[in-house]
Amino acid sequence: MKVGVIGVGAVGAAATMALLARGCAREIVLVDQNRARAKGVALDIDYGLPLLPPADVSAGEATDLTGADLLIITAGVNEAAGGATDRNDPTGRLRLLDHNAAIYRDLVPELMTTAPEATIMVVTDPPDPLAALTRTLAGHGRVFSTGTVLDTLRFRRHLSQLLQVRAEDVQALVVGEHGTSEVLLWSSANVGGVPVLDILSRRSEPIDRARAQVESEIRFANISIIEGIGASQYGIGAVVARLAEAVVRNEQALFTVAAHDPARGVTLSLLSALGSHGVTQTYLPAMTEDEQQALEHSAEILRQATAKIT
Ligand SMILES: NC(=O)c1ccc[n+]([C@@H]2O[C@H](COP(=O)([O-])OP(=O)(O)OC[C@H]3O[C@@H](n4cnc5c(N)ncnc54)[C@H](O)[C@@H]3O)[C@@H](O)[C@H]2O)c1
């Protein structure tokens with residue numbers, strides 16, 4: 001399987017290492033407008049390849065992506081460079097939209113001339129409106145964004161720490177925008193079928209305080225990471241690799257990736273089956289009325305953002 005990584009900054013490099021460790025791509029081509037950077041990352045990784053599953057990694061141009069099965073786009077400014085690191089700013093990652101949409105308007109048509117058959121994973125922020133734009137520019141529907149997959153993992157990790165159980169046994173979803181309006185589905189969060197809210201309600205600590213703390217840590221996790229290392233990269237790298245694996249193996253595995261939702265007329269995260277052609281089926285998770293309202297609010301924010309660029 002041939003995979004192209006377009007944008008070889010912090011996220012592109014971390015995603016490439018995670019892809020290699022998972023052994024789900026035989027050939028990876030790294031493309032960046034900073035050619036020297038792509039070459040440096042490819043060379044650095046190349047020296048570690050004898051210890052990794054068989055694969056070739058090279059730096060190239062868009063023209064070297066011919067025959068790619070999957071394109072992973074991480075090109076664009078991040079929250080630190082784009083001034084989106086204020087916890088009190090409800091716009092959040094949407095602040096990067098105009099800048100990164102301009103990059104996509106140049107990039108995607110060029111990619112389509114060389115790899116028109118590839119499925120496309122959008123990682124650049126804000127990923128959901130950019131996936132909608134990519135779908136229009138590419139002229140096909142094999143486009144999804146990483147959506148709230150990372151937020152969902154963060155939710156599971158925080159609940160696992162709160163309840164002292166391993167994260168693999170925590171089922172919990174975040175839906176809507178990958179951004180400040182995302183919706184944590186507390187009502188269906190469970191460990192081994194036992195509702196998380198039932199467990200928390202039996203504790204001495206007020207449930208609202210525990211919920212508010214978890215929500216805040218998840219909603220602003222990117223900023224906490226950026227304050228330490230300048231860019232959120234390793235968690236998303238692991239997410240990208242797992243999603244790439246689902247695509248190249250045509251798994252139809254369920255993730256909260258974002259895809260076009262005809263019912264709401266917008267690209268956002270629900271629960272979707274992911275395979276070689278991108279998202280093939282989407283399910284609306286069970287929700288309380290409050291959660292449904294929050295999801296519709298998130299959809300509206302994304303609709304308005306998407307309308308500005310498409
Ligand atoms: N979806 C998520 O969950 C998630 C998580 C973390 C980061 N991100 C986003 O991923 C993006 C990349 O973040 P980063 O930290 O790697 O940024 P970065 O600045 O380290 O890297 C971006 C790279 O894109 C390249 N680039 C810019 N325009 C290009 C073009 N037209 N063609 C090819 N390459 C181009 C730059 O040269 C740079 O190397 C940002 O938008 C960031 O906010 C998304």
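Modeller: I start with the ligand shell and then move to the core, the loops and the strands.

This is a predicted model; local features need pLDDT of at least 70, side-chain atom pairs count only at pLDDT 80 or more, and totals for chains, interfaces and linings use all residues. Numbering runs from 1 along each chain as its sequence is written.

The ligand is surrounded by 35 residues. A residue qualifies if its C-beta atom, placed from the backbone, lies within 6 Å of the molecule. Gly 9, Val 11, Ala 75, Asp 125 and Ala 231 are the closest. By class, 16 shell residues are nonpolar, 14 are polar and 5 are charged. Here nonpolar means Ala, Val, Leu, Ile, Met, Phe, Trp, Tyr, Cys or Pro; charged means Asp, Glu, Lys or Arg; the others, Gly among them, are polar. Two helices, α1 (10-22) and α3 (97-114), each supply at least two shell residues. The largest share, 4 residues, comes from α3. Helices (H or I, at least four residues) and strands (E, at least two) are DSSP runs numbered from the N terminus.

A cis peptide bond joins Asp 125 to Pro 126, with omega about -10°. Pro 126 sits in the loop between β5 (119-122) and α4 (127-138). Most peptide bonds are trans.

Now the core. The largest nonpolar core holds 95 residues. Its members are buried Ala, Val, Leu, Ile, Met, Phe, Trp, Tyr and Cys residues joined through C-beta atoms within 7 Å. Buried means 20 or more other C-beta atoms within 10 Å; exposed means 12 or fewer; partly exposed lies in between. Leu 30, Leu 71, Ile 72, Val 240 and Ala 244 touch the most other members. Helix α9 (residues 234-248) gives the most to this core, 9 residues. Val 240 is in contact (C-beta atoms within 7 Å) with Ala 15, Ala 18, Ile 72, Met 121, Val 123 and Thr 146, leaving out residues up to four places away in sequence.

Neither is a glycine, but Asn 250 has a positive phi of about 50° and Gln 252 one of about 55°. Most residues other than glycine have a negative phi. Asn 250 is exposed, with 12 other C-beta atoms within 10 Å. Gln 252 has 14 such neighbours inside 10 Å, so it counts as partly exposed.

Strand β13 (residues 258-261) runs antiparallel to β14, joined by 4 bridges. Strands pair if DSSP finds at least two bridges between them. Asp 261 has Val 266 as its bridge partner in β14. The hairpin has 4 residues between the strands, and Gly 265 takes a positive phi near 65°. Strand β14 (residues 266-269) is covered on both faces: Val 266 and Leu 268 are buried on one side, Thr 267 and Ser 269 on the other.

Last, a record. UniProt, in an unreviewed entry, annotates residues 148-308 as "domain: Lactate/malate dehydrogenase C-terminal"; such annotations may be inferred rather than shown by experiment. That span is 48% helix and 20% strand, with its end C-alpha atoms 22 Å apart.

How values were computed: Contact = placed C-beta atoms within 7 Å.
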